[in-house]
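Hi everyone, thanks for coming. Let me put the structure up on the screen, and then I'll walk you through a few local features.

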Amino acid sequence: MTFLSETLSRVKPSPTVAVTQLARELRAAGRDVIALGAGEPDFDTPDNIKRAAIAAIERGETKYTAPDGIPELKQAICDKFSRENGLTYAPAQISVSTGGKQVLYNALMATLNPGDEVLIPAPYWVSYPDMVRMGGAEPVIVETSLETGFKVSAEALEAAITPRTKWLIFNSPSNPTGAGYSRGELKALTDVLMRHPHVWVMTDDMYEHLAYDGFAFCTPAEVEPGLYPRTLTVNGVSKAYAMTGWRIGYAGGPEDLIAAMRKVQSQSTTNPCSISQWAAVEALTGPQDFLATRAEAFRRRRDLVVDALNACPGVTCPLPEGAFYVYPSVAGCLGTTSPGGKRIETDEDFATALLEESGVAVVFGAAFGLSPHIRISYAASEEALTEACARIRTFCEGLV
Ligand code: PLP
């Protein structure tokens, strides 16, 4: 339809949102569906954070705020970066937006020009390539594989850089694979970037606090201080503090870039929700001990799911370092017919038949740029996960 913008015709709707919606519709129609498609913690927002929001309402903190965040939240973010990441940012180097998603969006809109290239390791979070396209630039996909732990090698990164490369979008622990880069693995990449001073780094650290078995999270500007002047360190409260609906994300970066992002925000959403900003101040400055307790619950679920999936014929599931996703290969299931008589030629066929015949909603790997895989979110109860894995096993055992 010509009325719509040409840019939008290059963009797909989010497949993860689509799967969640389909699962919801099947449930509303009376089907017994276990939804493992969504990327949000099933835990509730901690009470101290909710109380801080209520207190903010009662104090009348219900008006427009400074476009990219109240001073109290910017200071709490500076303190967080210093305490947890060894990074020194001044409040003028901080931007707060409506979720990590808007932070990334603002940064891309503020910097991209036609012809620019943005490196995105695959499998990737679904929104990166489409946001880059909305900015009129070209996503350049850098492939990884199950064999390399879904991590980009220094050689692959080096080979993908051209004079047009503007950004590398880096995400560890990763959505959709859960892969986390060790300090050594990340240093190999930052060494490459040090040789290409025109390439900036947008690091998406949303899953920082969801890491297991002693995995030591690190972020590019910390591992290579030489990259600090061209790194945007993005984080948020959505995943760690179970605050997906509050919509608060933030970033630290060079002041000029932050000012440009502020301009985008001031002409789009004006400011993130005032009440949520006060809730985020409490999240970042209040008690942090529940983070470890929740991470331990996620670790147990990860182990449960990985063990159960590896018992399914045709499925291979590596053990990820973090986040709350696993990204098993279903290569051994292709070329078969499902118990309900559907041909399984792709990971999308697998995910569709699994939902329709066994009532388990997962997202197919093609959506994240690496097939044949499925992404399973284990942010669900152990009972639901046990039942879902039993259904997946029965489904796989029925493939002929
Ligand atoms: N980055 C990654 C890797 C994510 O998985 C998500 C959410 O799914 C986001 C960013 C966006 O987070 P927010 O809900 O704060 O916008």
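Let's begin with a proline. Pro-372 sits in the loop between β13 (363-364) and β14 (374-377); helices (H or I, at least four residues) and strands (E, at least two) are DSSP runs, numbered from the N terminus. The peptide bond that joins Ser-371 to Pro-372 is cis, with omega at about -10°.

Before I go on, a word on the ground rules. Residues are numbered from 1 along each chain, as its sequence is written. The model is a predicted one, where local features need pLDDT of at least 70, side-chain atom pairs count only at pLDDT 80 or more, and totals for chains, interfaces and linings use all residues.

There is another cis peptide bond, between Ala-122 and Pro-123, and its omega is about 0°. Pro-123 belongs to the loop between β3 (117-122) and α5 (127-134).

Staying with backbone angles, which residue other than glycine has phi near 60°? That is Ala-323, and its phi is positive. You'll find Ala-323 in the loop between α11 (289-310) and β9 (325-326). Is Ala-323 buried or exposed? It counts as buried, because Ala-323 has 30 C-beta neighbours inside 10 Å. For that label, C-beta atoms are placed from the backbone: 20 or more others within 10 Å of a residue's own make it buried, 12 or fewer exposed, and anything in between partly exposed.

Arg-247 also has a positive phi, about 65°, although it is not a glycine. Its place is the loop between β7 (231-236) and β8 (249-252). With 20 other C-beta atoms within 10 Å, Arg-247 is buried.

Now the ligand. The shell around it has 13 residues, and those that come nearest are Gly-99, Gly-100, Lys-101, Asn-175 and Ser-238; near here means a C-beta atom, placed from the backbone, within 6 Å of the molecule. Helix α4 (residues 99-111) gives the most to this shell, with three residues. By class, the shell has two nonpolar, nine polar and two charged residues. Nonpolar covers Ala, Val, Leu, Ile, Met, Phe, Trp, Tyr, Cys and Pro, charged covers Asp, Glu, Lys and Arg, and the others, Gly among them, are polar.

Last stop: Gln-265, in helix α9 (residues 255-266). Gln-265 is buried, with 25 other C-beta atoms within 10 Å. Leaving aside residues up to four places away in sequence, Gln-265 touches Pro-67, Asp-68, Ser-97 and Asn-106, where contact means C-beta atoms, placed from the backbone, within 7 Å. Pro-328 is 63 residues from Gln-265 along the chain, and their C-alpha atoms are separated by 38 Å.

Definitions and conventions
Contact = placed C-beta atoms within 7 Å.
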